[in-house]
Amino acid sequence: DILISQIAAGEVVERPAAALKELLENSLDAGATEIRVNLELGGTQLIRVADNGVGIEEAQLNLALARHATSKISSLEDLECVASLGFRGEALASIASIARVRLASRAHGSELAYQIQADGASPSEVQPTALTTGTTIEVRDLFFNTPARRKFLKSAATEYAHCNDVFQRIALARPDVSFSLHHNDRAVQLWREQDMAERISAVLGADFNQAAVNVAETTAGLSVHGMSALPAYSRASRDAQYMFVNGRFVRDKLLAHALKQAYHDILHHDRHPAYCLFLTLDPALVDVNVHPAKTEVRFRDSRAVHQFIYHAINKSLAGRAGQAPAA
Ligand code: ADP
Ligand code: MG
């Protein structure tokens, strides 16, 4: 079973950033409004995520680390319409099979907190611990027992950069949640609860917001809102391309193409725009279950989605085109 988990871990957790993503999504699924992240050596030595979510009951702590034990899905139909971010029930089991994990939690309404530990083998007994609220999980020494994989870790600086990417994406998607990030005991970020435009400005820089047009469009079953800008007008890095589908960060060529096309047709500009956009549609019309890392999506009607995004951007740019500086 440990071996199966280690194999699965290779798919789900190829580097610290992937583990961080799973932990952050668990905190959000638990309804956390405040999430604190501590990393050491780019997450290779330590990833700690502390939240103020609903917590885990003492009797459930064991299950949280067990394979395919998820509290989030009870039927196959649920799989069709996943609302929560995690649903496979294998992230924590995978992580616990390749790292030293301590999971501490105080269930909502309980006076007591408990913890469980695992270091690649079966988890320890559940023990009492001290914790004021929510759940704190620590993941140390990723791949300590799978040296072949440990070898593929890049420098702490590179792994940190990947962790920071994940942290930023999730913070962009949830401006209603407060996020902090420490790296090697140094405070790197603190974003308190704010509105979408404020969070985009905090993450991408105020100059992005100044250069950007607002995007807001809704038709039957589809809605998009957010901001987009020509990279030439903003310092936002070339890959400041954030697309969220039903709250999940995705990379999608089709959506990127729709944006580029609109910029080409309206502003006659051929660079890839920078953007942060939130697309919402009926979960039954999109398959997020394509890959465990879940940055790909498959739309049931990709033509309709392409057209919708194209028109939304087109409209925003047309409203602004007169004022835009010459490209
Ligand atoms: P999944 O998220 O797919 O259900 P995970 O392996 O990520 O599976 O987590 C297993 C279970 O542990 C979750 O279903 C949830 O019940 C519990 N859990 C994990 N992290 C948290 C957290 N931060 N707060 C509350 N419960 C959690
Ligand atoms: Mg999960």
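Reader: In this predicted model, which hand does the crossing of H10 and H11 have?

Author: In this predicted model, helix H10 covers residues 253-267 and helix H11 covers residues 302-320, and the two pack with their axes 8 Å apart at an angle of about 35°. The hand of the crossing of H10 and H11 is right-handed.

Reader: Into how many nonpolar, polar and charged residues does the contact of H10 with H11 divide?

Author: On the side of H10, the residues that meet H11 include Leu254, Leu255, Gln261 and Asp265, while those of H11 include Val305, His306, Ile309 and Asn314. Taken together, the residues of this contact divide into 14 nonpolar, four polar and one charged.

Reader: Which strands stand at the edges of the open sheet of five strands, and why is one side of each left without a neighbour?

Author: The open sheet has mixed pairing, and its strands follow the order S9-S10-S13-S11-S12. Each edge strand has a single partner strand, so one side of each is left without a neighbour in the sheet, and these edge strands are S9 (213-219) and S12 (248-250).

Reader: Which residue in S13 is the bridge partner of glycine 226?

Author: Strands of a sheet pair through backbone hydrogen bonds, either parallel or antiparallel. Here strand S10 (residues 222-229) and strand S13 (residues 274-281) run antiparallel, and eight bridges join them. In S13, the bridge partner of glycine 226 is leucine 277.

Technical notes:
Residues numbered from 1 in each chain as written. Chains lettered and ligands numbered in written order. Predicted model: local features only at pLDDT ≥ 70, side-chain atom pairs only at ≥ 80, totals over all residues. Axes fitted to C-alpha atoms, helices over the stretch in contact; angles between N-to-C directions. Helix = DSSP H or I, 4+ residues; strand = E, 2+ residues; numbered from the N terminus. Left-handed = near helix turned anticlockwise from the far one by under 90°. Contact = placed C-beta atoms within 7 Å. Nonpolar A, V, L, I, M, F, W, Y, C, P; charged D, E, K, R; others polar. Pairing = 2+ DSSP bridges.
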